Amino acid sequence: MLPSQRKRKITISSLSFLFGFSFFPRRPLAMDLMHHSSTFLLPTIPSDHRPSLTYALVVLNQNLPRFTPLLWKHAQLRLCADGGANRVYDEMPRLFPQEDASDVRRSRYKPDVIKGDMDSIRTEVLDFYTSLGTEIIDKSHDQDTTDLHKCVTYIRDFAPDLDKSNLCILVAGALGGRFDHEMGNLNVLCRFSSLRIVLLSDDSLIHLLPRTHHHEIHILSSIEGPHCGLMPIGMPSSSSTTTGLQWDLNETEMRFGGLISTSNIVTGEKVTVRSDSDLLWTISIKKL
């Protein structure tokens, strides 16, 4: 090696050490594959379902989806975010019109925790669940986070006796109603991007596809679809690629003010997604 070449090699190595980058090409890092499925909408979750998830349910102050009893059944922990307790108290008995309302409230659908700033829950509802032993967590001093944010923090950091190694948080009543509430719920997906959180309404579901993973979405055609969508959130996507959609993306740029994938259609039992940006996945829920 000539002296000039040796000097150049030393200089490049020194720059790499000082500034933390390499001038030499690296192999791209392999991304882990993340699986998604809506089996929580089935009466029974198949035993061979992958991955095996632990569910927690958060009920918000919005009309309860008709399948809320299924979500309740699958969840190991049930929380009401402030006025969500009103919804459980008022609307759960309406889903079982042939049964005694008091029995439905007292024996079958008692939340484990009510948490929030307590500006929406009615006094008689708060007193009722307090008398049944529901844990009440008053966070009225915290006006910087939403009630959903408060509940997710509790599940992540404080919930006792809950296996959090493969946790999925289902949020009932997360869509519809006031638009600022919906945007706040979407913001929670971004603030807790390392957690699986699914926002649910009677008509559709939304969850985050983090850019840190490639994604495989298993479609249950008996209960969801065919209409779906993919939208970047937090930043534009310069390259998103899919399979399994009628209008697949192929290293496609997506951004608000430009192209986003709405009114798309699933064509089979599996959709794959990879992107350099966090994406929101949404799919319609069938009215059975």
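This is a predicted model: local features need pLDDT of at least 70, side-chain atom pairs count only at pLDDT 80 or more; totals for chains, interfaces and linings use all residues.
Close-up 1. Between them the chain passes through helix H7 (residues 179–191), making a right-handed β-α-β crossover from S6 to S7.

**Close-up 2. Strand S6 and its other neighbour, S2.** Here we turn to strand S2 (residues 54–59), which runs parallel to S6 and is joined to S6 by six bridges. Look for Tyr 55, whose bridge partner in S6 is Cys 168.

**Close-up 3. The two faces of S6.** In a regular strand, side chains alternate between the two faces of the sheet. Leu 167, Ile 169 and Val 171 point one way from S6, while Cys 168, Leu 170 and Ala 172 point the other way. Six of the six residues in this strand (residues 167–172) are buried.

**Close-up 4. Aromatic rings around Phe 128.** The structure holds six aromatic pairs. One of them is edge-to-face because the ring centres of Tyr 89 and Phe 128 are 5.3 Å apart and the ring planes lie at 75 degrees. Tyr 89 belongs to helix H3 (residues 84–91) and Phe 128 to helix H5 (residues 123–131), so this pair ties together parts 39 residues apart in sequence. Phe 128 also forms an edge-to-face pair with Tyr 129, with centres 5.1 Å apart and planes at 75 degrees. Tyr 89 and Phe 128 are buried, and Tyr 129 is buried as well.

**Close-up 5. Arginines over aromatic faces.** Arg 105 lies over the face of Tyr 89, at 4.0 Å from the ring centre. Arg 108 lies over the face of Phe 96, at 4.4 Å from the ring centre. Phe 96 forms one aromatic cluster with Trp 72 and Tyr 109.

Note on methods. Residues are numbered from 1 along each chain as its sequence is written. Side-chain values use heavy atoms; hydrogens and water are left out. Buried means under 20% relative accessible area, exposed over 50%, partly exposed in between (1.4 Å probe, protein chains only). Helices (H or I, at least four residues) and strands (E, at least two) are DSSP runs, numbered from the N terminus. Two strands pair if DSSP finds at least two bridges between them. A crossover is right-handed if, with the strands pointing away from the viewer, the path from the first strand over the helix to the second runs clockwise. Rings of Phe, Tyr and Trp (its six-membered ring) pair if their centres lie within 6.5 Å; planes under 30 degrees apart count as stacked, over 60 as edge-to-face and the rest as tilted. A charge sits over a ring if NZ of Lys or CZ of Arg is within 6 Å of the ring centre and within 35 degrees of the ring normal.
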